Amino acid sequence: MNSLIINRVVPAIRMLVSKQKIMVARFDDREELLKAEDKEDLLNFDFIKKPSGILVVDETTEPNEIIDDLTVKLSIWYENRAPHPDYILLKGIGLIAIGENTAILDQLLGAPQQLVKEISGRVQDKIIIVTGGAQGFGGGIAELLYAQGANVVIADLNEETGSKMVNSLNMNSQTNQAYYIKVNVGSAESVEAMVTATVKHFGGLDVIISNAGILRAGGLDEMTPESFALMTEINYNGYFLCAKYAAAIMKLQSRFKEDYFTDIIQINSKSGLKGSNRNFAYAGGKFGGIGLTQSFAMELMPFKIKVNSICPGNFFEGPLWSDPDRGLFVQYLNAGKVPGAKEIKDVKAFYEAQVPAGRGCRVIDVMRAIYYVMEQEYETGQAVPVTGGQNMLN
Ligand SMILES: NC(=O)c1ccc[n+]([C@@H]2O[C@H](COP(=O)([O-])OP(=O)(O)OC[C@H]3O[C@@H](n4cnc5c(N)ncnc54)[C@H](O)[C@@H]3O)[C@@H](O)[C@H]2O)c1
């Protein structure tokens with residue numbers, strides 16, 4: 001029941017209380033809070049410091065009834081005072097804390113206090129999921145977004161690297177936060193739970209970056225049906241699932257704030273624009289991803305949801321290529337794929353020479369493309385190449 005309330009009510013409330021600035025919110029359903037009937041009951045909790053900021057919604061579990069009741073109560077609230085409510089109590093369901101940033105949410109819900117730095121970044125207080133955000137391109141993107149003020153959800157199958165990344169980002173003690181959620185993007189249940197957990201923790205969703213992906217190269221003789229199915233499940237189906245569950249939240253936000261733009265961004269590849277020899281399972285899924293992007297873009301633009309793919313060239317400095325044991329450079333060296341190559345640096349030089357820019361793609365290159373599609377209001381359904389000139393559109 002709570003996931004229904006979280007997904008169908010919290011993003012709507014976030015927009016209803018956002019006047020000058022877009023707020024963040026947190027849903028707290030600790031058992032002791034569920035007994036609170038009114039303001040006075042809530043004031044028994046030590047962490048509730050602002051009695052004048054409490055708004056109580058009548059007892060109902062039907063999302064539309066909650067929203068209707070709240071719409072009326074909020075219009076009366078704003079007639080009498082300017083500041084937004086700090087707490088909305090849904091009797092018997094939970095408490096929603098509302099604030100300008102996530103450090104304020106921590107304070108409102110009694111988390112241990114710490115000194116936080118205020119910054120004013122390019123994506124300040126936006127709520128952004130990065131799948132596969134624990135390392136590689138996703139890790140770099142998550143770090144740069146956090147540094148620019150975003151509340152970043154690092155959604156990754158790898159709990160150890162994902163949590164480590166979140167802890168190291170949060171050491172910066174900014175008013176925005178990073179948050180780890182374990183997900184398998186190939187599973188509908190898991191992706192739906194990722195979106196719900198994001199809304200519960202931050203109040204809504206502004207951008208999802210569908211980045212998690214895997215690569216198992218091989219020609220027709222080597223490729224097993226199982227490997228093909230796994231790559232398709234993660235690289236292609238995974239993008240569909242992210243778009244499906246993210247769009248539901250974004251559409252709801254758009255219903256309550258019509259001019260608010262949100263983004264679904266897929267990290268695709270240059271192999272989504274041009275076939276890749278003995279790598280068809282990867283290229284096929286990435287080509288398909290562009291078909292999804294174009295189709296989602298048409299369906300979702302009426303809700304101000306833009307959908308774009310970014311198509312990076314090879315990330316030579318990332319683990320996929322440079323891992324000393326399992327990276328593609330060492331694999332290609334051992335397989336004799338590059339004629340005359342004696343060392344890893346020879347293999348690298350061979351691949352770099354194929355790029356007019358003379359180097360591999362870096363996180364910052366991808367980040368610039370992400371900012372372009374996010375900041376643009378008059379473009380959607382695109383596949384933006386970031387290949388140093390290796391792929392040119394016609
Ligand atoms: N590395 C490149 O040269 C390159 C080039 C172009 C595009 N890309 C694309 O960029 C994206 C990221 O690639 P990378 O090289 O940074 O990858 P990576 O292997 O370095 O990192 C991928 C991350 O995704 C996570 N992951 C894997 N399967 C998952 C699943 N089922 N659910 C959730 N998380 C999962 C992993 O734990 C890992 O943290 C991929 O979509 C890839 O196709 C990569």
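How many nonpolar, polar and charged residues does the shell around the ligand have? By class, this shell has 15 nonpolar, 11 polar and 2 charged residues, where Ala, Val, Leu, Ile, Met, Phe, Trp, Tyr, Cys and Pro count as nonpolar, Asp, Glu, Lys and Arg as charged, and the others, Gly among them, as polar. The views below show a predicted model, in which local features need pLDDT of at least 70 and side-chain atom pairs count only at pLDDT 80 or more, while totals for chains, interfaces and linings use all residues. Residues are numbered from 1 along each chain as its sequence is written, and side-chain values use heavy atoms, with hydrogens and water left out.

**View 1. The shell around the ligand.** Of the 28 residues around the ligand, those that come nearest are Gln-135, Asp-156, Asn-211, Tyr-282 and Phe-315; a residue is near a molecule or strand if one of its heavy atoms lies within 4 Å of it. A polar side-chain atom of Tyr-282 is placed 2.5 Å from an oxygen atom of the ligand. Backbone atoms also take part: a polar backbone atom of Phe-137 is 2.8 Å from a ligand oxygen atom, and a backbone N or O atom of Val-185 lies 3.0 Å from a nitrogen atom of the ligand. Of the 840 Å² of accessible area that the ligand has on its own, the protein covers 91%, with areas taken from the Shrake-Rupley method with a 1.4 Å probe and, for residues, only the protein chains shown counting as cover. The elements that give two or more residues to the shell are α5 (136-147), α9 (280-300) and α10 (319-322), and the largest share, 3 residues, comes from α10. Helices (H or I, at least four residues) and strands (E, at least two) are DSSP runs, numbered from the N terminus.

**View 2. Helix α1 and its kink.** Helix α1 (residues 2-16) has 15 residues and reaches 20 Å from its first C-alpha to its last, close to the 21 Å expected at 1.5 Å a residue, the expected span being 1.5 Å times one less than the number of residues. At Val-9, shortly before the proline Pro-11, α1 has a kink of about 30°, which is the angle between axes fitted to the seven residues ending there and the seven starting there. Because 11 of its 15 residues are buried, α1 is largely enclosed by the rest of the structure; buried means under 20% relative accessible area, exposed over 50%, and partly exposed in between (1.4 Å probe, protein chains only). Among the buried residues of α1 are Val-9, Pro-11 and Arg-14.

**View 3. Asp-206 and its polar contacts.** Asp-206 lies in the loop between α7 (188-202) and β8 (207-210) and is buried, with a relative accessible area of 1%. Its side chain reaches the backbone nitrogen of Ile-127 at 2.9 Å, and the side chain of Asp-206 also makes a polar contact with the side chain of Tyr-260 at 3.0 Å. A polar contact is a pair of N or O atoms within 3.5 Å; within protein, one must be able to donate a hydrogen and the other to accept it, and residues adjacent in sequence count only if both atoms are side-chain atoms.

**View 4. Asp-125, a loop residue with positive phi.** Asp-125 is found in the loop between α4 (102-108) and β5 (127-131), and its phi is near 65°, a positive value in a residue other than glycine. Asp-125 is buried, with a relative accessible area of 7%.
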